[in-house]
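Hi,

Here is the structure I promised to pass on. Have a look at it first, and then read my notes below.

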Amino acid sequence: MTTDKDQLIIGWLYPNLMSTYGDRGNTICLRQRAQWRGYNVTVMPLDQQTSAADIHKVDIIVGGGAQDRQQEIVMRDLSGAKAQALREKIEAGTPGVFTCGSPQLLGHYYEPAIGQRIEGLGLLDFVSKHPGIDARRCIGNVVFEVTASRLGQDLSKMLGTAPLVIGFENHGGRTYLGKVEALGRVIKGFGNNGEDGTEGAFYKNAIATYSHGPLLPKNPFIADWLIQTALAEKYQTPISLSPLDDALATQARVAMFKRLGIVT
Amino acid sequence: MTLTRLDRLRLGLAVATSKTVTSLIRLLGLGAGSVFPGEIAGRIQPRVLPLLTRQVKYGVIIIAGTNGKTTTSLLLRTMLERQGWRVAHNATGANLINGLMTALLENTSLTGKLNADYAILEVDENILPLLLQQIKPRSILCLNLFRDQLDRYGEVDIISQRWLKAIAPLAPETVVIANADDPTLSHLGQKLSQQVLYFGLSEPEQYLDEMPHAVDSIYCPSCGHALEYQGFYLSHLGDFHCPSCGFKKGQLAIDSREWPQILIGIYNKYNTLAAVLAAQEVGIAQETILDTIKNFQAAFGRAEELKVAGKQVRILLSKNPVGMNETIRAVNQIKATGKASTTLIVLNDRTPDGTDVSWIWDVDTEKLVALGGNLIVSGDRVYDMALRLKYSQTNLSEPGLKLIVKEDLREAIATALELTSPDETLHIVPTYSAMLEVRGLLTGRKIL
Ligand SMILES: [Zn+2]
C-alpha cells in the first residue's frame, strides 16, 4: 500500500524544447530508481501549459539542453510568476539537475552565436557566451571530480572514494563563474570554458553542469543523492535508500576510465 | 566543357596516381579503397572535383540529408542504369569530399576524361555548402534533417541556414527536391527561387499514436510559434501548419498512395518517393521506375538480408534516435507475427558513428523491451547500451526478456545466431562502423 510518504514528483523543464543529447535519460534514471524502490513517481512537464502553482508542487527539477532558438522560446515563457516560482523553489533547497542549456538560463545571461543576448533568471552568479558560429565546440568525454563542498562530502561518504563523474560535453557556449561555487574540477575535458579548470556550478541543492551522457545513469550516486535530498526536504526526515544493483553502470564507468587512462 | 592542357595534364596525373593507389590498396587486401585515392588526387589537383563534374554529360544529382542517402542513391542509380545511362556514384557511403572524388576518378580515364551520363553524389549534410562552392549540380535531393552526429557539427538550425545560403545563389534552373513533411526543408524550399519539387506522405492512417520524443523541430522555422500537427509520420515529419504566420508544408508534387515502396518501414517510403521525383525529373519512363522499385535489393546494412549458417539475418543500420526508433517499429511488427525473437544491438562510438552515445537515451527502447525476447548487446559502448536497456524495464527484471551482454562481437553474433530458430529472422541493429564490422564477420569480407 502506498501512503503520502511514497510520493515523488519530478518536474521536467520544457521536455519538448530542452532535451537534446539524451538529457531525458536523467529523468528516466530518477524515475526508475525511485520506482524500483517502491516510490510512486509522477513526472510533471513544466512547460507553456504549466502555472506557477504547478512549479511549487515538484520535489526535484530536471532541465536539459536546447538549441539556441528553442532556448529563446523558453526564456520568453519562463518569466513573471513562473520565473519567481522557480527562483523560490531553488532558493528553498529543492534539488535539481540542470544540463547544458538550462544552467545558462539560471545564470545572468547567455549570448548566443547568432542573435540577441538572452537574459537569464540571475539566480546563479555566472554568465555564458558563445564565442561565435565558427568557434570550436567543446566536445568529448569529460571526467571531473565533485569539489562543491557539501555535495562533495555527501557523495564521498556514499561512495567511500572521491566522487568522479563521467559525462560527455558538447557545448558552443562558455560559462564564467562569479561568486557561485563550482560543481567540480575538470580532470579530462573542457568544463565550463576550457580555461579555468572548473566544471558546472552548485547552489543550494541545484546542480548545474555541461555534462551530458546523460549524467545520472552513468553516475547513479548523484541520482540517489537527488532522490534522497528531495524526500528528506519533503518529509523533513532523514531518508536512507535501499541499494540497487549498479553493476552495469560500474562496468560502463570502468571501461571509460580505462580508455581515458584515468586511474581510480 | 574544355579543359586547358595544363588542367588535363594535372588531372591525368591525379587520376593515374589515385588509380595506382586504389589497385595497391585492393592488392594488399586493405579494403575497397573508397577514400584514400581521392585525398591524394585532391592534393595533386585541387580543382579535381569541378573539373571532373563539369564533364558529366547530363548533370550531377546531389543527395543530402541525415538518413536514407545510401538507399535513395542506390534506387535512383538503378533506375538510371535501367534506362541505359552510365552513372558515376560514390556507392560506398564515403560521403565526404575525398570519397566523392574517389568515386568520380573511378570513371575517369588516364587522360582525365570522365565517362558518365549522370553522377549521383551522396553528400554528408555538413559538407553540402562546401561542395556547392565547387560544383554546379543539376538537382539536389534534400531528404531530411535529424539530430545526427551533432558532436561533430552543431545543430539542425545551423545546418539548414548553411544549406539555404549555399543553394540560394545556384543557377535558377537547378531543381531542388525536398521533403515537404520536414518543416525545416519545407521552409528551405519556400525561401528558394529555384524550382522546388516536394515529396511527402498523404496517408493519415500511417500517423504515429503519439508524438515521438526524439523530435527536433516542432517550432515554426519562419516565426518561432509552436507548429500544429494533424499527425506525425516519423519523428518531426508529418502534416503540420503554423497557426500564427500561416506557414505550412509544401505542395506535394507526387501522391504517395500511387506508389509502391522498397524494403520495409516508413523511411523507405520517403526514400522511394524522393528517388521517383528525381527519376521523373530526368525523364525516366514510368514502367522503368515501377519495375526498379519492384526488384530493388537493399544496399549493404540497410535492411539487407543475408543467410548465415542456415539462419535468416537482417541488418538494420541505425545511427541516430530517429533511425533506431524506426528500426524498433519495424522489428516489433515482425516480432508480433512470431517470425523473430532475437535482436542484437551493436553500439560503437567511432568518428563515423558520432563519438557521443547520449542519443541512445532519446530512443524509445522501452518499446523493444516491452515485447520481450532475447536482446544481445555488443560494441565499443556495450555497457552504455546495456544500461539503456536496463532502464527501459518497468520492473527490475522483465519477465520474458533475456538481456545478454557480450563485449566480444564475434561471440555476440554466435550467441545471437544460436538463439535464432530456423523459421525466424535475427535482427542486427548496428551503428555505422559496427555495421561494417558485423558485415565483415558475417560475409568474411572487409570494407575500408
Ligand atoms: Zn509561423
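Let me start with helix 4 of chain A, whose buried residues are A:Lys82, A:Ala83, A:Ala85, A:Leu86, A:Lys89 and A:Ile90. Seen down the helix axis, these fall within an arc of 160°, so they line one face of helix 4. The face turned away from that buried side carries the exposed residues A:Gly80 and A:Ala81.

Some ground rules before the rest. This is a predicted model, so to speak of local features I need pLDDT of at least 70, side-chain atom pairs count only at pLDDT 80 or more, and totals for chains, interfaces and linings use all residues. Residues are numbered from 1 along each chain as its sequence is written, chains are lettered from A and ligands numbered from 1 in the order in which they are written, and side-chain values use heavy atoms, leaving out hydrogens and water.

As for terms, buried means under 20% relative accessible area, exposed over 50%, and partly exposed in between (1.4 Å probe, protein chains only). Helices (H or I, at least four residues) and strands (E, at least two) are DSSP runs numbered from the N terminus. The arc is taken from the directions from the helix axis to the C-beta atoms.

Just after helix 4 of chain A, A:Gly93 has a positive phi of about 95°.

Now the zinc ion. Its protein donors (N, O and S atoms within 2.8 Å of the metal, or 3.2 Å for Na, K and Ca; water is not among the atoms, so sites may look incomplete) are the SG atoms of B:Cys220, B:Cys223, B:Cys242 and B:Cys245, lying 2.2 to 2.3 Å from the zinc ion. In sequence, the donor residues are spaced C-x2-C-x18-C-x2-C. B:Cys220 is buried, with a relative accessible area of 1%, whereas B:Cys245 is partly exposed at 40%.

On to the rings. Phe, Tyr and Trp (its six-membered ring) pair if their centres lie within 6.5 Å; planes under 30 degrees apart count as stacked, over 60 as edge-to-face and the rest as tilted. That rule gives 10 aromatic pairs over all chains. One of them is the tilted pair of B:Trp361 and B:Tyr391, 5.7 Å centre to centre with 55° between the planes. Both B:Trp361 and B:Tyr391 are buried. B:Tyr229, B:Phe232, B:Phe240 and B:Phe247 form one aromatic cluster.
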